[in-house]
Amino acid sequence: MSEAWPEGVPETLWHYRDLQHNDPPQIPMMGVQFAQQFLIAFVVGLLFITYFAWERFHHQSSAPDFRYRVMKEVDVADLGGAGALRQAYLIYLTTLLFLYVAMTFFGKLIIQTLNELRIVGIQVDASSLQFDSPQWPLMLAFGFAGLAPLIPQLRIAEGWLFQRAYRTVGIPVRINETTRNLVSLLDAAAAGDPIQVQPLNDALNEKRDTIRKKIDPTWLQESLTSSKIDNGLNMLAQLELLIGWAKGRRGNWPGSDVSDTVRDKEQNIAGQAGELLDGFERRVRVPVSSGEGKAALREKYVVETVGRARELRDELTAILAVYVERDPRCVGPSANSEELVRDLSLRALLQKADPPNLAGTGPEFGVLICILITIPIYALFTWKGLNPPLSSSAMADSLRVVLATAGLYALLFVSIFWFPLLGAFAMRQYYYDERKWITTGRHDDRSGYAKQHLAVVGIAFVISVTCLSGVAVLWAFFIARDVINFQALLVGGGAPFLLYYPSFAIITIPLIWLTLIAVDTRVDGRPSLRYGILSGILVLACLVFLLRFWYNDHACTNYSAFLTDLFTGGCFFYYEGLNFFVMPILAFLAAVVFGNPQPALRRSRSTPRDWEQAAQVLAVAVLISALSPVAFAQETPNNKEISTPKKKEVKIGFRDDVEPFSYRVSVDGGTQEGDQPLYRGFLADLCYWIFEGGDYSVLEVPVTASDRFDKLRSGEVDVLCDPVTMRFSELDPLTLLPRENKRIESGIFSPIVFATGISYLQRRNRSLGSPVYIGYVKKTTAEDVLGNLCKVDLFGVVPPPRARRNCHDVQNGFRGAPD
């Protein structure tokens with residue numbers, strides 16, 4: 001028998017101290033465990049996908065097919081869209097990483113589910129894939145890098161992200177519109193239309209007269225009609241005027257917001273235009289021979305030259321439109337451009353042009369950075385016991401628990417703030433590009449204003465609910481022991497995760513609405529502080545409402561109203577008090593500080609608006625710094641004062657003297673004394689496990705072998721967590737008559753969880769007939785077994801007639817005996 005016994009496992013529980021104590025996992029993850037090599041391969045795959053996404057976003061062939069060269073050949077970052085490109089890259093990277101993480105850790109489940117659903121006829125043999133091998137995450141990473149452009153969903157998402165990045169910097173919609181506006185003004189001025197830009201008319205007339213003087217004594221007068229000559233002269237005059245502006249006659253406009261790459265592109269096109277004009281002047285001065293064929297060739301040359309001049313005119317005008325988008329200080333009738341633009345004709349054109357319809361950048365990027373900053377904050381508060389860990393069984397002294405808790409809270413904030421803001425401002429950008437965005441409710445079209453903003457808020461709300469549902473699933477996966485517990489957490493109990501976490505999407509309604517109003521207010525140059533404060537207050541009110549609902553309006557202490565005891569000892573932990581500071585602050589910053597509604601309007605020196613934003617940021621910093629000493633001053637919760645309203649209390653009786661089944665340790669694992677008793681052991685862990693994650697909270701009640709059944713019958717304990725022997729009938733071992741069976745009358749036995757028997761040890765040098773002193777635990781099964789041993793004189797103490805009166809017992813509390 002000993003040869004077949006597993007190696008390293010003690011052959012008897014008398015040597016229970018040889019057993020190594022293994023605490024239950026702090027983060028069970030449904031029993032899934034990952035080897036170190038697997039995690040290393042996973043991290044390598046993350047880095048590879050991060051690099052791949054960056055390279056793909058900076059690969060010029062991925063850009064859409066635009067009309068003008070400045071948009072085709074110049075990177076969007078050089079056009080002023082570096083921030084928008086970074087945001088689009090983060091979204092694209094988040095999408096890839098989400099799919100990568102899901103397939104890495106849940107690939108087997110996903111593939112099996114797809115096989116069962118038979119989606120699009122794809123069948124994959126899951127048995128042929130090694131999901132726990134380090135090769136699996138690497139294979140996925142390389143697959144995403146090579147196959148991402150071939151996946152329709154990713155390709156559509158990628159195209160949308162590219163378009164959003166370009167639209168943020170006016171490509172192609174606004175730059176095309178501004179270019180058409182400038183071209184129409186140039187054509188009108190060249191044709192002599194009264195458009196109230198006399199300096200531009202005079203400049204074009206001067207250029208046209210100069211060119212006419214050069215071609216008057218040439219064959220051009222004889223080869224073309226006067227109308228064609230006038231049209232050609234107008235186009236060449238516009239081109240020469242644009243060349244002069246490009247060569248330095250603009251003055252100090254545009255400012256430093258325009259990159260050197262765009263300026264170099266303008267010089268390159270201006271050089272090509274100058275070569276075209278010089279070549280045309282030389283060609284028209286060359287003597288020609290007569291003949292219809294020669295005349296047709298000359299006419300064709302002139303038409304091609306004018307067409308090429310028109311193309312170069314449009315390219316230079318498109319670059320001028322980029323300048324207008326990046327630095328619109330000189331654009332519009334009210335612009336004061338005398339100090340910036342030296343050329344009178346260019347100044348007149350810019351004052352007549354339509355100001356760019358700037359949507360600016362939203363607060364998404366700043367909010368994301370703040371959410372990342374909350375990770376160490378929540379980790380610190382969780383470690384200090386001021387914020388609850390991810391589950392009630394997790395201990396805050398574990399680094400994995402602290403980091404996992406902080407990461408899950410960050411995902412919660414991303415789902416409540418970042419993703420909804422991202423979707424809302426993408427819709428706002430679309431409406432801006434279509435010139436349909438309604439910036440204020442103080443107009444005749446109040447109905448259109450309400451419908452438009454409700455549509456944006458509705459989209460943001462749906463996005464938040466979807467993301468929060470994913471957070472609920474992930475949170476349940478982290479703390480669930482198995483599939484049954486996972487399903488119970490999601491849809492069971494008084495606060496199922498699939499209802500609890502998505503309910504926080506209600507916060508997005510005031511958040512999105514007021515942030516949109518605040519940003520539009522900032523566009524108009526008006527202060528938005530009141531909207532930021534109102535947004536923070538409403539977000540706080542929504543959070544309080546949710547907590548009152550899910551906590552059933554029960555306060556932390558028994559003598560206070562709900563939330564009035566937030567800073568009472570231990571209640572900051574109970575209410576998750578850090579959320580009451582972080583969420584309103586994020587809402588305030590999104591409305592007032594983050595984002596740049598007018599990215600092109602740069603100021604060379606500080607303005608009152610700059611000082612206002614600096615004061616707001618300083619106020620937020622002071623608020624956060626004031627929170628720390630107040631929160632850290634909280635004491636450990638007092639169990640008698642703090643109630644547990646969310647769960648029903650179940651009283652469990654634990655033994656502290658039956659190792660390894662149940663024994664008492666302190667709250668920190670046994671190194672020092674604690675206020676609340678905590679029990680460990682095979683049966684103790686099982687009892688905790690049964691009630692973990694349900695609608696009950698465990699109240700530990702100490703019991704002994706003598707009073708355990710009395711406390712169970714009297715109701716002092718609801719459940720007895722004790723190695724009780726199942727005995728359905730009892731006979732007195734001496735009289736052999738039935739006696740009262742307290743075990744059956746006390747309650748109902750659970751299924752058998754451990755099989756064992758009673759054994760004994762005796763000294764080898766004991767002489768036959770000498771007295772035997774037997775140690776046992778009183779009121780246990782061992783007491784009855786001992787009576788039978790004395791009756792049959794198993795140890796050969798005295799002859800049977802004297803057995804009953806010569807059996808002596810010593811009740812010395814022998815520990816470890818089965819009960």
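This is a predicted model: local features need pLDDT of at least 70, side-chain atom pairs count only at pLDDT 80 or more; totals for chains, interfaces and linings use all residues.
1. Aromatic pairs. A search of the whole structure returns 28 aromatic pairs. Among them is the pair of Phe 654 and Tyr 679, which is stacked, with 4.8 Å from centre to centre and 5° between the planes. Phe 654 belongs to strand β1 (residues 648-654) and Tyr 679 to strand β4 (residues 678-680), so this pair ties together parts that lie 25 residues apart in sequence.

2. Burial of the pair. Phe 654 has 0% relative accessibility and therefore counts as buried, the cut-off being under 20%. Tyr 679, at 1% relative accessibility, also counts as buried.

3. A cluster of rings. Ring pairs also link a set of residues into a cluster. Its members are Tyr 378, Tyr 409, Phe 413, Phe 417, Trp 475, Phe 497, Tyr 500, Tyr 501, Phe 504, Phe 549 and Trp 550.

4. Strand β4, which holds Tyr 679, is part of an open sheet of three strands in the order β2-β3-β4, with antiparallel pairing. The edge strands are β2 (657-658) and β4, each of which pairs on one side only.

5. Pairing of β3 with β4. Strand β3 (residues 662-665) runs antiparallel to β4 and is joined to β4 by three bridges. Tyr 663 has Arg 680 as its bridge partner in β4.

6. The helix across the sheet. Helix α23 (residues 682-691) lies across β3 and β4. The helix runs at about 120° to β4, the strand in which Tyr 679 lies.

Methods: Residues are numbered from 1 along each chain as its sequence is written. Side-chain values use heavy atoms; hydrogens and water are left out. Rings of Phe, Tyr and Trp (its six-membered ring) pair if their centres lie within 6.5 Å; planes under 30 degrees apart count as stacked, over 60 as edge-to-face and the rest as tilted. Helices (H or I, at least four residues) and strands (E, at least two) are DSSP runs, numbered from the N terminus. Buried means under 20% relative accessible area, exposed over 50%, partly exposed in between (1.4 Å probe, protein chains only). Two strands pair if DSSP finds at least two bridges between them. Contact means heavy atoms within 4.5 Å. Axes are lines fitted to C-alpha atoms, for helices over the stretch in contact, and angles run from 0 to 180 degrees between N-to-C directions.
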